[in-house]
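Visitor: Hi! Could you walk me through this one? I'm new to it.
Guide: Happy to; here it is.

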Amino acid sequence: MAGVDYQPLLDEIAAGVRPQIGRGAVASYIPALAGVGIGHFGMAVADIDGQVAGVGDWRRPFSVQSISKIYTLALVLAEGGEDVWRRVGREPSGTPFNSLVQLEYENGIPRNPFINAGSLVVTDRLLSLTGDARGALRTFLRAESCNRGVDFDIAVADSEAEHGHRNAALGHFLADLGNLENDVADVLAHYFSQCALAMSCRDLALATGFLARHGLRGDGSRLLSVREAKQVNGVMLTCGAYDAAGEFAYRVGLPGKSGVGGGIVAVVPGRCTVAVWSPGIDEQGNSVAGVAALDHFTTLTGWSVF
Ligand code: DON
């Protein structure tokens, strides 16, 4: 709560995860990410009143990748309400984040909004609702993180677009099965930009505060209803770490969302948000040291939801 001194806790976690830093591999299927040094580690905690503490590389921007999927979903729910759930499910997929297989036999309705297919549908909806999905997202994240410097890394977006055959396949499949409203190329361009947002642990911890505040933005205005915030947290718990969501719930016990840039954001409802970054990821796309740090966090504080 307000006034908690997180620094000793963060220092202890950083020391505890040191052997994990450098484990896993930096994502290389997006070539622009391959050059990031594997030895980074940063972690930040933001209280619901906006106080932030951090350790290590907590102020250094990195590629948020799939963490962006939380915010596009929240904006779509805020702007368009529950309609989006007719086009995307809420069940864990049990398959890799970029898998194509379920989409055909489930008739173009992605299992959840955090796998790539589901996020393409959400971005398509945000594009229809706003006319500029990436712009709406950037405006929101700049405001919530109190950082006008939050922006897209164009080199990362271009790199992903050049090597984006799998996402293009998913986009065309969704269009063929009648689950896109906009041109595939437009949806992909907005999706690649959202994934290429460069933000720090500090920025992400602050920007996710609305989920710890049961839907309230940093300025006290309401983005989501209490029920919608509960629902987004629920989908993060069950689907936020893809085919390792069970393991993440087992070890961390919080709603969380990972990205192949090595970032993870987790929510302690009613209390705080935690963002961690270390670029070495496991085969499911989750930061090895990041999951370990969050495991330490909930073990030391007792603040898992269980
Ligand atoms: O679409 C992709 O494959 C990437 N831009 C994002 C994937 C991702 O971050 C999965 N998370 N662990």
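**Around the ligand**

Guide: By class, the ligand's shell has 3 nonpolar, 8 polar and 1 charged residues. Ala, Val, Leu, Ile, Met, Phe, Trp, Tyr, Cys and Pro count as nonpolar, Asp, Glu, Lys and Arg as charged, and the others, Gly among them, as polar. This is a predicted model: local features need pLDDT of at least 70, side-chain atom pairs count only at pLDDT 80 or more, and totals for chains, interfaces and linings use all residues. Numbering starts from 1 along each chain as its sequence is written.

Visitor: Which residues surround the ligand?
Guide: Q65, S66, F97, N98, N116, E160, N167, C195, S258, G259, V260 and G285; a residue is near if its C-beta atom, placed from the backbone, lies within 6 Å.

Visitor: Is E160 buried or exposed?
Guide: E160 is buried because 23 other C-beta atoms lie within 10 Å; the cut-offs are 20 or more for buried, 12 or fewer for exposed, and partly exposed in between, with C-beta atoms placed from the backbone.

Visitor: And what is E160 in contact with?
Guide: Leaving aside neighbours within four places in sequence, E160 is in contact with I30, F192, C195 and A196. Contact means C-beta atoms, placed from the backbone, within 7 Å.

Visitor: New topic: where does UniProt place the "binding site" feature?
Guide: The unreviewed UniProt entry puts it at S66, N116, E160, N167, Y191, Y242 and V260. Such annotations may be inferred rather than shown by experiment.

Visitor: Why does Y242 count as buried?
Guide: Because Y242 has 25 C-beta neighbours inside 10 Å.

Technical notes: Two residues are in contact if their C-beta atoms, placed from the backbone, lie within 7 Å.
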